[in-house]
Amino acid sequence: MSWASELPAELLCRPTGLVVLTGLDITYNAIHKSIWDSFCNNRRSDRVPLKFDVQEADHVYPKSKQKRTSYQWHIPKGILKRTWMTKHLNEVPAVVVVFYDLDWDEFLWKEKQMECATRVEIVRNSLQGQGTKVAVVLIQKNTPLPPGEDVMAAERASSLCNMCDISAKSLYVLPHTDHLIGYTIRLENAFYELSQSYYHLEARKVKSHKDFLNKTTHQLFYVRHQFKIAFFNELKQDSHTALKHYKQAYGHILDLRMYDTNMLEIKTMAGFVNYKICRLSFQHNIPLDAIAQFRKHIDFFKSTTGTPELAFENSAWMSKQFQVFGDLFDEAIKLGLTALQTQHPGFYYQQAANHSITRKQLCHALCMNKTGIPNTTILDGLDNLEYFGQRPWRQGHQSIDPPDAQKEKEGILALQMKEKQEDHSWIIIPLLSSAVAQFKKYKSPRMKRHLMVQMGEEYFHAKDYGKALMLLNKVMWDYRAERWSPILTSILTLSLKCAYLTAKVQEYVSNCMELSGQYSQCSIEEKSRIEKNLTKVMSNDAPDPEPGLDQVSVESAKSQWLSVKSESSVFTIEMSTLVSFIDCKARFIGDSTSADTKVKLEVYLRVTCPLPIRFSKLSVHFNNQVHNSKCEISDGRGITAASSPLEADGADLYLLPGKPRLFTFSFLPTADDVGSYIEITSVALELGTGCCSILRWVGTGTDTTNGTSPKLTTTDSGISTADQEKWQQFKSSSTMKILPRSAKLNLSLVHQSPSLLNEFYPVHINICNEEENAIQSVNLYIALENEHETSQDPGAHISLDKAEIGDKMKVKENLDLPDLKPGQKIDKCFYIKCFQPGTRSILTKVKYTVIVSVGIQHSLTCQCIKEETINLTTVSPFDVSINLQSMKFEHVEALHAEEPFLLNPEISCTSPWPIELQTSEVQLVCSEYIKTVSEKHESQITSVKLKKAESAAECLCLVSLATIQPSVSLGTYTVFWRRRKEDKKQDLPYVSTSFPLPTVNIEHIPISVSLKLPAYGSVKTLLPICYVIKNRTPYIQEIEVNMDASDNFMFAGNKHTHFRVLPGTDYLLKYNLFPLVAGHLALPKLHVNMVRYPNTMDEIIQKMLPTHIFIRPLGKSIILPA
């Protein structure tokens, strides 16, 4: 019973000490109202846990009981009074505070002091012996001075304490200033200490009774006293001590002798104490202790049913225990506790719901057959019992047997009739809803679905058929996917009843189609009945009621079906998610077809219901909606019309159970389909005339039982083995590619590979029409694959007819050609210029339209495409090596400023084809630093023709000027060339190929030395030579010169000399050599050393001077005869 299992509000709340404020006129005194607001408003969590109440000074409080001196003859009537917790929470204060307006400098101090003492005495008298603490607060207008400075205040405070008979610690001052809230908080802390002292003394009073008790007759007192001690400690905010005493109270409960008359009281108190233990355990962050305590609690009391006629009370109590623990668990999780998927509040809510369901079942078993008029007055005062958990007709009775057997029977009957009036479904549904939320939160989908089914069943019992239908529809999707046939059949049966009672046509039809199929666990008779109802609904008639329904609900449903019948409805059912009695498969015949042939497809239909059925229309839908109208079959006979084998033509949609029917369609593709896929997007089958249901399969309507999940358990549907094999062998195919019609066109490309880098490479295109008819809209498309015109540096360029680049680079060309008659030819040429070596793919495509005949009467305009791709390799035509040499034809790495040097380009032909050189150019980048010696450069390779492995070279004399740059780029060397002409028709333009010249370092030499000498000398003939030393610096340079001796020459001149050379001037150093032998002789070495740069110039100077000279021998005189 709800009254026996409910936990009172005073047990569920958090106990806080009660402080009563007297002397405050909060109605007419604004200052008193502000003081009251400061105590009771905006109580944040950081303020002390106290409950404040305002009362008059003469308010009557509950009278204190006289202390017993002996318990020897005292027999307890119950465990805990219903009013005890409420009394100490809301009625008996821990502290009574007397507020009084009195300043220390009050003129009428004596009179005011006497009035204050009188108020305190009135409060003491009204407490009637309670141990409540009394305190006095003086409301003053001025802020008091620091302690010890106001002598008068100290004297008057002492006098007031004596007059009021209170200690100095119980007298407080409250200045009414801008900082009122600060003084209020300080007062609260003082009151909190007083309240803790009060509750501590109260707990000690209760504990002192233990010495008077014995375990023979006072077992209930042990439970009561431990509960009271624990409760006082909770009021004191000592939760650890409270938990200890609650556990002791629970231990005493387990020791009590239990029988039918006191079973309810013991279980009620056990539930209270268990709640307190679990709540404090969660509060102390020891959830495992809370769970262990709850399990212990349930294990002990689950079998204590009590009076058999009231067994439903035990289920109600058990349900409440699980519900309350689930609430505590959930509250702890919200405060930061971490739960697991295997241990969370959802399990406890589920168990609470299960016990409520058991309660409902017991109620139906024990209460429904009861007759007669119960004595309702026997339950008077059910909510105002003296003790928790007792029966109203025998309160305070603790014997084993009831005192009045007749009253006991009447009371049991009254409780059964009261239970009979309960609507248990609305107790179960919230519990299941809480459990569903928890299992959803912790990702347990199967448990969530199971509980949702239970919720649907309870909504059905509660006659809320709309919500029941909604919940069942949500879970059926998952049970269909997981292939649970028995569960799905049970849910569908309940859903069908809900759909009937709410007159939901679409849900009713879908449920009928599933229940009458081969995967339903219903009997053949039941399937036949359901199919007949389906036929009635689709004929716009009302169906027969489902068996086992409430007659009142059936009558209401019939009126709803009449209103639905008057309205024609058309709705769509997505069959891909249902396990229906109608199966559908569709496929294209073949994977691809050409644009000039018909597309063929087949649709296979099969019904597994027990009775034949006629459909009204079959249609196939495609991604190109133009074809939808070409694949339709309509049957206008009506759903109830019969059919004979003679009528089974293409437009007959009458299907027999277990007999598959094949329907064939064909159509011509459109021009938009060419090159793409035609896809079956859906297959639609219409059922009914007045009420029309469109059964829609997404895609090819593949049977939903095909897949990786376990198959549904099938019943005998009458399908033969041969038909089943045909059905299994029919493989669905949803797409067909439409290929362009094969082009009857001869396309050939003539060229000579490889191409040369930078040349305009010609490719000749020969096109010949081999069609039977003329071709039109002929278009020639040429493109480089994997190249983009938008790129900043394309690797090649294509031009049609002319070998030129034009305004911009192109990687594709498009050209419209004239119409070609059968057998007509046309030739075109395009040029490709490749800027990078490598292999490229060149796509050549010819598109055209032609009219072709399909069958006898159909003609079709087809677009045909002929493609040819060539892979073109590009190679470099030649390699160029560039050398820098001195005037002595020696290789140099660096240049000397104002010294001439030679630039020698050498061209090596690597082309497999002969090439023809037109000319060459040298572009000097820094013409202000590097210049040619001659005014005009003439190419030395003009009109040179090279074959593979042949070379050509030229020489150019340059001079470098003085510069501050350490390195200078010389520029580029450009060669103008083309492939050598093989015939006069081929006239390719010359193209240029540029090569970068090296970057050189220019060294600044402070002096230069040159040698003037004849081209040759003769033996023993004077050979005059002159060394010219030039100072290139702006400073005077001191020079030392040494001339080495030589075995080949005698010389006249300074062998060692020292001189100065002015800036920018020349110094001549002359020697006369006398050759001693003939031949190519080494000249004597001249060593030059600069005093400013010692030992640095000699090696450089040696490179400037010639080292050898040719000396002729002496000729013999020929004496001619006279």
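The model is predicted, so local features need pLDDT of at least 70 and side-chain atom pairs count only at pLDDT 80 or more, while totals for chains, interfaces and linings use all residues. Residues are numbered from 1 along each chain as its sequence is written, and side-chain values use heavy atoms, with hydrogens and water left out.

**Stop 1: Ala154**

Select Ala154, which lies in helix α6 (residues 151-164). Helices (H or I, at least four residues) and strands (E, at least two) are DSSP runs, numbered from the N terminus. Ala154 is partly exposed at a relative accessible area of 49%. On this scale buried means under 20% relative accessible area, exposed over 50%, and partly exposed in between, with a 1.4 Å probe and protein chains only.

**Stop 2: helix α18**

Select residues 485-502, which make up α18. The end C-alpha atoms of this helix are 25 Å apart, in agreement with the 26 Å that its 18 residues should span at 1.5 Å a residue; the expected span is 1.5 Å times one less than the number of residues. Of the 18 residues of α18, 14 are buried, so the helix is largely enclosed by the rest of the structure. Step on to Ala503, which follows α18 and has a positive phi, near 55°.

Go back into α18 and pick Lys497. Lys497 is buried yet has no salt bridge, and Glu546, the nearest side chain of opposite charge, is 6.9 Å away. For charge, Lys and Arg count as positive and Asp and Glu as negative; His and the chain ends are not counted. A salt bridge is a side-chain nitrogen of Lys or Arg within 4 Å of a carboxyl oxygen of Asp or Glu. Show the contacts of Lys497 (heavy atoms within 4.5 Å): leaving aside neighbours within four places in sequence, they are Phe460, Glu546, Pro547 and Leu549.

**Stop 3: salt bridges**

The whole structure holds 34 salt bridges. Begin with Glu202 and Lys205, whose closest N and O atoms are 3.4 Å apart. They are separated by about one helical turn, because they sit 3 residues apart in helix α7 (residues 180-208). Glu202 is buried at 11% relative accessible area, whereas Lys205 is partly exposed at 43%.

Next select Arg979 and Glu759, a salt bridge with its closest N and O atoms 2.6 Å apart. This pair links distant parts of the chain, 220 residues apart: Arg979 is in strand β37 (residues 971-979), and Glu759 is in the loop between β20 (755-756) and β21 (760-769). Both Arg979 and Glu759 are buried.

Then move to Arg1060 and Glu1038, with closest N and O atoms 3.2 Å apart in their salt bridge. Arg1060 in strand β45 (residues 1056-1061) and Glu1038 in strand β43 (residues 1037-1043) are 22 residues apart. Arg1060 is exposed at 58% relative accessible area; Glu1038 is partly exposed at 25%.

For a network of salt bridges, select Arg446, Arg449, Asp478 and Glu482 together.

**Stop 4: a nonpolar patch**

Finish with Met1050, Leu1076 and Val1077, a nonpolar surface patch with about 240 Å² of accessible area together. Patches are made of residues with over 30% relative accessible area and no salt bridge; like charges are joined within 9 Å, and nonpolar side chains (Val, Leu, Ile, Met, Phe, Trp, Tyr) within 5 Å. Accessible areas come from the Shrake-Rupley method with a 1.4 Å probe, and for residues only the protein chains shown count as cover. Met1050 is in strand β44 (residues 1049-1052) and is partly exposed at 49% relative accessibility.
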